[in-house]
Amino acid sequence: MSSALLLAQDQARVTNWPGYISWTVGLALVIGLVYWLMRQGWNWRRTLQSGIPALPAVPERAGRTILETSGRYHGTTTAGNWLDRVVAHGLGTRSRADLTLGEDGLLVQRPGDVDFWIPAEHLIGARTDSGIAGKVVPSGILVVTWAHEGTELDSGFRADHPDEHTAWVEAITRFTATRTTMKKTEEAAS
């Protein structure tokens, strides 16, 4: 074959615009379909969890401040199941967060998203873990366990300075132990 014919065949393959356009449109349709299916799954989960009662009203302050930090909120799951994300009432959306542990409970303020409040009597405990709600962070996540209308939930946070997680675990553990002791004392006095 002549070199001019080979060059013409190579150029024909390079300038096959209808083929490139059809592949691009096909790929865009597949990506759009996957996105739509993910959105439908999120809405389906929200519908399944529509029976979860509304969260307690968010106060302006959490009482006398014990600890404060800022970081990232990674989501809430049912306790013990780090993949069962709770999306009802805005609990499924990852966002920036400012945490304030006060004598009245834990205040989670999320700029640009729904704030939420965990009253002191609903706090169960805290721990550090490697992941929550499908998000794995090797340096660890602060997981706060709390009860809401008979359902135990885990909420995951990552402080801007992860070395603070230990202080949070200790403070919440002390806080819940103190409240349990006070409750037992009140019950014994009755």
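Where is the place of Leu 83? Leu 83 lies in a loop, and that loop sits between strand 1 (65-78) and strand 2 (95-102). One caution before I go on: this is a predicted model.

Is Leu 83 buried or exposed? Leu 83 is exposed, because its relative accessibility is 52% and the cut-off for exposed is over 50%. Now look at Gly 131. In sequence, Leu 83 and Gly 131 are 48 residues apart. In space, their C-alpha atoms are 9.2 Å apart.

Next, the strands. Strand 2 and strand 3 pair antiparallel, over five bridges. A hairpin of two residues connects strand 2 to strand 3. Within that pairing, Leu 101 has Leu 106 of strand 3 as its bridge partner. Strand 3 covers residues 105-109, and four of its five residues are buried.

Strand 3 also runs antiparallel to strand 4, residues 116-119, with four bridges between them. Here Val 108 stands opposite Phe 116 of strand 4. The hairpin of strand 3 and strand 4 has six residues between the strands. Look for Gly 112 in that hairpin: its phi is positive, near 80°.

Now the helix. Ile 21 is in helix 2, residues 17-48. Ile 21 counts as exposed because its relative accessible area is 51%.

Last, the record. An unreviewed UniProt entry places a "transmembrane region" at residues 20-38. In the model, that span is 100% helix and 0% strand. Its end C-alpha atoms lie 27 Å apart.

Terms used. Residues numbered from 1 in each chain as written. Predicted model: local features only at pLDDT ≥ 70, side-chain atom pairs only at ≥ 80, totals over all residues. Heavy atoms only, no water. UniProt positions renumbered as here; feature names shortened; annotations may be inferred. Buried < 20%, exposed > 50% of the residue type's maximum accessible area, 1.4 Å probe, protein only. Pairing = 2+ DSSP bridges.
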